[in-house]
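Hi there,

Here is the structure I promised to pass on. Have a look at it first, and my notes follow below.

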Amino acid sequence: MTDVPKEDIDDELLVKELRKLMITKQLNFLIGSGASAKSIGLMSDFEDNDQLEAKVKAVSEKILSDEYEFSCERDIQENLNDYVRFLKSVIDVINLSNSRQTPKSVNLFTTNYDLYIEKAVDKLIGTNRFVFNDGANGYFKRILESSNYNRVVSYKGLNDNYISEIPSISLIKPHGSMNWTEKDGAIIIENKVAERPKIVRPTGGEEKDTYLDNHYYEMLRVFQLELDKPQSVLVTIGFSFQDKHIGKMVKRALKNPELLVIVFGYSDKDRKKYLSNLGFDINRVPKNLRIYTPNDFADSYLTFNTNGKENKWLSFELANLTNIINGASEGDLKDDKSK
């Protein structure tokens with residue numbers, strides 16, 4: 001892959017619009033394997049599913065240990081830092097929203113089994129005021145139940161003189177997680193990597209597996225219900241829509257004219273691939289589907305890559321999305337009549 005020189009792009013209006021949408025709409029993220037590829041790689045990098053699962057398990061165990069002794073583990077620490085900064089930026093941006101118009105909450109949907117988001121939450125708790133909801137109830141035995149996502153937490157003044165909604169992050173994992181186990185028909189969320197984790201393996205039959213298993217079906221149902229809500233925005237990063245069942249759900253949800261789907265592609269060629277995976281003709285793209293690739297942004301919002309040889313290229317990654325969100329402020333709403 002070689003770098004193609006391009007003129008510096010004036011993306012100020014685009015970045016401002018993206019920030020405004022994230023503040024004023026009901027915010028949802030769909031995070032795919034590309035967001036963890038720095039340390040885990042992509043499915044195409046592995047010979048079989050057992051090899052992929054072993055890699056995700058090993059990385060998840062290292063994440064929980066929080067000890068990075070060797071240079072080869074530096075990618076794991078950097079990837080975790082990417083997630084920590086991303087979550088911090090999301091908390092900051094939902095704090096800017098007007099709870100009378102838009103809930104101070106965000107849904108994080110991820111098809112990844114790894115524990116990056118969970119560990120990032122641990123690192124932010126105590127220094128940031130927010131509520132984390134992974135859909136579980138219980139203390140020593142935490143059981144997953146999809147109805148637990150329908151919660152709003154508020155802070156009540158000492159004299160009951162005001163109520164302030166606390167920013168909340170809900171994590172929904174429709175393909176399972178490395179710390180999920182199944183017992184007596186229930187999903188138990190543990191604080192360690194499970195010996196036999198409850199996950200959907202990429203066998204090509206994910207659609208059948210998720211709909212036949214009630215737990216996965218409930219996670220997908222939450223996803224569909226959120227996309228059907230008015231004034232919602234779905235931001236996807238590191239996700240190529242190769243999971244056909246999720247692609248079908250997004251395509252169906254786009255019939256909701258109040259939904260806006262914003263897709264960020266790693267490279268410029270991803271636009272064509274994403275449209276193909278969604279089943280859209282490149283000349284007949286729905287107005288409420290926007291796909292942005294490196295060509296839409298100035299170099300300051302991109303990642304410069306090199307393989308140590310002559311190959312150099314620019315990409316859009318999770319850290320770049322974080323940089324866009326980080327700049328959000330009240331100034332982005334000055335022409336918004338809802339504030």
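A word on naming before the details: helices (H or I, at least four residues) and strands (E, at least two) are DSSP runs, numbered from the N terminus. Please keep in mind that this is a predicted model, where local features need pLDDT of at least 70 and side-chain atom pairs count only at pLDDT 80 or more, while totals for chains, interfaces and linings use all residues. Residues are numbered from 1 along each chain as its sequence is written, and side-chain values use heavy atoms, with hydrogens and water left out.

Let me start with a loop residue. Asn-179 sits in the loop between strand 8 and strand 9 (180-183). Its relative accessibility is 6%, so Asn-179 counts as buried (under 20% relative accessible area; exposed is over 50% and partly exposed in between, with a 1.4 Å probe and protein chains only). Its side chain makes a polar contact of 2.6 Å with the side chain of Ser-177. By polar contact I mean a pair of N or O atoms within 3.5 Å; within protein, one must be able to donate a hydrogen and the other to accept it, and residues adjacent in sequence count only if both atoms are side-chain atoms. A polar atom of the Asn-179 side chain also lies 2.9 Å from the backbone oxygen of Glu-190. Leaving out residues up to four places away in sequence, Asn-179 touches several residues, including Leu-115, Glu-118 and Ile-188 (contact means heavy atoms within 4.5 Å).

Seven strands form an open sheet in the order 3-8-2-1-11-12-13, with parallel pairing; two strands pair if DSSP finds at least two bridges between them. Strand 3 and strand 13 (289-292) are at the edges with a single partner strand each, so one side of each has no neighbour in the sheet. On average, neighbouring strands are turned by 20° against each other, direction ignored.

Within that sheet, strand 8 (residues 168-172) has five of its five residues buried. Ser-168, Ser-170 and Ile-172 lie on one side, and Ile-169 and Leu-171 on the other. Five bridges join strand 8 to strand 2 (residues 105-110), where Leu-108 stands opposite Leu-171. Three bridges join strand 8 to strand 3 (residues 131-133), and here Phe-132 stands opposite Ile-169.

The packing is worth a look too. The largest nonpolar core has 60 residues, of which Phe-29, Phe-86, Phe-264, Phe-297 and Leu-321 touch the most other members. Such a core is a set of buried Ala, Val, Leu, Ile, Met, Phe, Trp, Tyr and Cys residues joined through side-chain atoms within 4.5 Å. Helix 3 provides the largest share of this core, 10 residues. Apart from it lies another core, of 33 residues, among them Phe-223 and Phe-239.

Finally, helix 2 (residues 49-65). Its 17 residues should span 24 Å at 1.5 Å a residue, and the end C-alpha atoms are 24 Å apart, which agrees (the expected span is 1.5 Å times one less than the number of residues). Asp-48 caps the N-terminal end, with a side-chain oxygen 3.2 Å from the backbone nitrogen of Asp-50. Among the buried residues of helix 2 are Leu-52, Glu-53 and Val-56, and their cover includes helix 3 (74-95) and helix 4 (116-124). Just after helix 2, Asp-66 takes a positive phi of about 60°.

Best wishes

How values were computed:
Axes fitted to C-alpha atoms, helices over the stretch in contact; angles between N-to-C directions.
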